[in-house]
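Here is a short tour of a model you can follow on screen. Please keep the sequence and the structure side by side as you read.

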Amino acid sequence: MFVSDLRIDPTTAETTARALDDRAIGAYLGLAIGDALGATVEFLTPREIRDQYGEHRDMVGGGWLRLRKGRVTDDTEMSLALGRSILTAGAVVPRAVAEAFSDWMRTKPVDMGHTVRRGISLYRRTGATQVPENEQDAGNGACMRALPVALFTLGAEPAAVVAASRVQAHVTHHNHLSDAGTVTVVRMVQSALLGGTRNQLKGLADALVAEDGRYGYDRRRMENPSGYIVETLRAVFQALFATDGFEAALVDVVNRGGDADTTGAILGMIAGALYGRQAIPRRWLNALDEETKSACRTQAVRLLHASPSCGAADRSP
Ligand code: MN
Ligand code: MN
């Protein structure tokens, strides 16, 4: 199934537009909430989480980054930086993306992955907007910030979605496993935005597994997922397909520990698109940092409506 098969029915354009905005906002808030919720237990094992929190299900801050309650990390911040660059340039432009990431690095972020730092540093030194292809760079850093591309390229031809996804990814991560996983997450979000069911999302995850068996998620339970994109997505897929709501899915994934802010962020964007913003628990929404919340809401809608390929001009909020 390709995302391009899921066209919006023009006869129900108004209802669909509202539902679409709702899911897009759900995806962006889901990303931030997953990031903030997971950050508390990042690098803990499931056992350590149980000892300290019982089941971790409230946004309380803390964690190894000693975050204020409701604060997000690089996953959300880099997404917002990418989104700003897309809105300013009106397209996914390598130099604009690299510049936005470089600007973000100048803000002295609370956290930054090694591969991300290396990519941005290379851009600053040489102007290169794509790092050399590298077998080792199969981290989850490109995938965690992919949401703006999913929103902006909604309805585009699959090849254009893939190309845009690679442009943003390759500024820091140039690796086929990362590319394949990131595009799959983008397609899952897009399918969900257009009303795709959980089963249809499973079809996309299974297509990834067929492409590369390392993504197989039907085996042992993935606990303590590392920053390796394969482990990250195996945890995300298991949690998403074993549950049937936003809260249950997010609680499942962050309690697996490991790179929990990032599994939370990726699960949050997919589940937010799938279940819509109404499904996000009020207590999480209330706890989320106000400035972040408003930036997520605004960008979600603006990116959708800036999308060149989705008849966006006809859709009013
Ligand atoms: Mn993070
Ligand atoms: Mn992380």
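This is a predicted model: local features need pLDDT of at least 70, side-chain atom pairs count only at pLDDT 80 or more; totals for chains, interfaces and linings use all residues.

Residues are numbered from 1 along each chain as its sequence is written, chains are lettered from A and ligands numbered from 1 in written order, and side-chain values use heavy atoms, without hydrogens and water.

Let's begin with the manganese ion (ligand 1). Its donors (N, O and S atoms within 2.8 Å of the metal, or 3.2 Å for Na, K and Ca; water is not among the atoms, so sites may look incomplete) are listed here, with one distance range for the set.

| Donor residue | Atom | Range for the set |
|---|---|---|
| T73 | OG1 | 2.0 to 2.3 Å |
| D74 | OD | 2.0 to 2.3 Å |
| D75 | OD | 2.0 to 2.3 Å |
| D261 | OD | 2.0 to 2.3 Å |

Along the chain, these donors follow the spacing T-D-D-x185-D. D261 also coordinates the manganese ion (ligand 2), 3.6 Å from ligand 1. T73 and D75 are both buried (under 20% relative accessible area, with exposed over 50% and partly exposed in between; 1.4 Å probe, protein chains only).

Turning to the loop, D212 sits between helix 9 (198-211) and helix 10 (229-242); helices are DSSP runs of H or I with at least four residues, numbered from the N terminus. D212 is buried, because its relative accessible area is 16%. Its side chain makes a polar contact with that of R214 at 2.9 Å (a pair of N or O atoms within 3.5 Å; within protein, one must be able to donate a hydrogen and the other to accept it, and residues adjacent in sequence count only if both atoms are side-chain atoms).

Key: Helices (H or I, at least four residues) and strands (E, at least two) are DSSP runs, numbered from the N terminus.
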